[in-house]
Amino acid sequence: LNSRTPALHSPEVRRALNSAIDRPALIRDAFNGHGLVSAGPLWPRHWAFNANLTGFGFDPQSAAARLGPKSHRESSNIEPGLTFTCLVSTEERVALVVQRQLQAVGVQMILKQVTADQMRDALKNLTFEAMLTDAISGPSVLRPYLWWHSKGPRNRGMFTSVAVDSALDEIRHSVSDDTYRAGVENFQQAIVQDPPAIFLAWGERARAVSQRFEVPKVERGIDVLGTLRLWRGAAGSRAARATTEN
């Protein structure tokens, strides 16, 4: 969300947009059940993640009251609800489900199909209201820092929040597990209070690796491709013999 646009500038509006999303239904309808509910940019399996924080609960009634059309008693006029345009390059199915859920609370999200180059140009020049992206944000706090700290190199939407910056700096300069965990909790709370995006879901992907390779074990939820430099040809495989001969 481009928080610098008038329609999306208020943190209250961005909180309401998050509360309009039924994330379990989104995962069912758009991800065929393969995903995790997102409570923000922090990976939910991170060791310091506080699962007891409420995050973005589904509350369509309050979202509709804040964002939907409003009638005025003194006249027959009806003030239209929130309307904004969302750029979409891929993930059309996700976009349609989100659009339908927002329509249910009176929000009109207009989808505009663009190329990847047009998406990058709009992000670079801040000529967008919203865009749907599939961003890598885990498993550490490094990527959330790059995305959402006001000085982060990937914060191309120019999102700024004193509370978010303070929490991320607290994590960065922590000297113990306790201070690190406290920084993570503050970061989670700051994102909920001033969300820079509508956080939808963590997608799940399957990887298949040929038995010609010996691959080290990885923790649950970690992409095996991250260990690519450690792969070795399996004993007796053609790949192993070719490596030996060369």
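Predicted model: local features only at pLDDT ≥ 70, side-chain atom pairs only at ≥ 80, totals over all residues.
User: What percentage of the residues count as buried?
Analyst: The protein has 246 residues. Its C-alpha trace spans about 85 × 40 × 35 Å along the principal axes. The buried share of the residues is 41%.

User: How many helices and strands are there in the protein, and what share of the contacts with a separation of 6 or more comes from residues 24 or more positions apart?
Analyst: The protein has nine helices and nine strands. Among contacts with a separation of 6 or more, residues 24 or more positions apart account for 65%.

User: Which residue in β6 stands opposite Leu87?
Analyst: Strand β4 covers residues 83-88. Three bridges join β4 to β6, and the two run parallel. The residue opposite Leu87 is Met131.

User: At what angle do the axes of α2 and α4 cross?
Analyst: Two packed helices are described by the angle between their axes and the distance between the axes. Here the axes of α2 (residues 23-30) and α4 come within 10 Å. The crossing is right-handed. The angle is roughly 140 degrees.

User: Which residues make the contact between α2 and α4?
Analyst: By class, the contact has six nonpolar, one polar and three charged residues. Helix α2 supplies Ala25, Leu26, Asp29 and Ala30. From α4 come Arg93, Val94, Val97, Val98, Arg100 and Gln101.

User: Which elements do the buried residues of α2 pack against?
Analyst: The buried residues of α2 are Arg23, Ala25, Leu26, Ile27 and Ala30. After the helix comes Asn32, whose phi is positive, near 55 degrees. The buried residues pack against α1 (11-19), β1, α4 and β7.

User: Why does His46 count as buried?
Analyst: His46 lies in the loop between β1 (35-37) and α3 (60-67). Not counting residues up to four places away in sequence, His46 touches Pro139, Ser140, Val141 and Tyr180. Buried means under 20% relative accessible area. His46 counts as buried because its relative accessibility is 8%.

User: Is Ile198 buried or exposed?
Analyst: Ile198 lies in the loop between α8 (177-193) and β7 (201-203). Leaving aside neighbours within four places in sequence, Ile198 is in contact with Leu1, Leu17, Asn18, Ile21 and Arg23. Its relative accessibility is 17%, so Ile198 counts as buried.

User: What distance separates the C-alpha atoms of Ile198 and Met131?
Analyst: Met131 is the residue in β6 that stands opposite Leu87. Along the chain, Ile198 and Met131 are 67 residues apart. Their C-alpha atoms are separated by 10 Å.

Methods:
Residues numbered from 1 in each chain as written. Heavy atoms only, no water. Axes fitted to C-alpha atoms, helices over the stretch in contact; angles between N-to-C directions. Helix = DSSP H or I, 4+ residues; strand = E, 2+ residues; numbered from the N terminus. Left-handed = near helix turned anticlockwise from the far one by under 90°. Contact = heavy atoms within 4.5 Å. Nonpolar A, V, L, I, M, F, W, Y, C, P; charged D, E, K, R; others polar. Buried < 20%, exposed > 50% of the residue type's maximum accessible area, 1.4 Å probe, protein only. Pairing = 2+ DSSP bridges.
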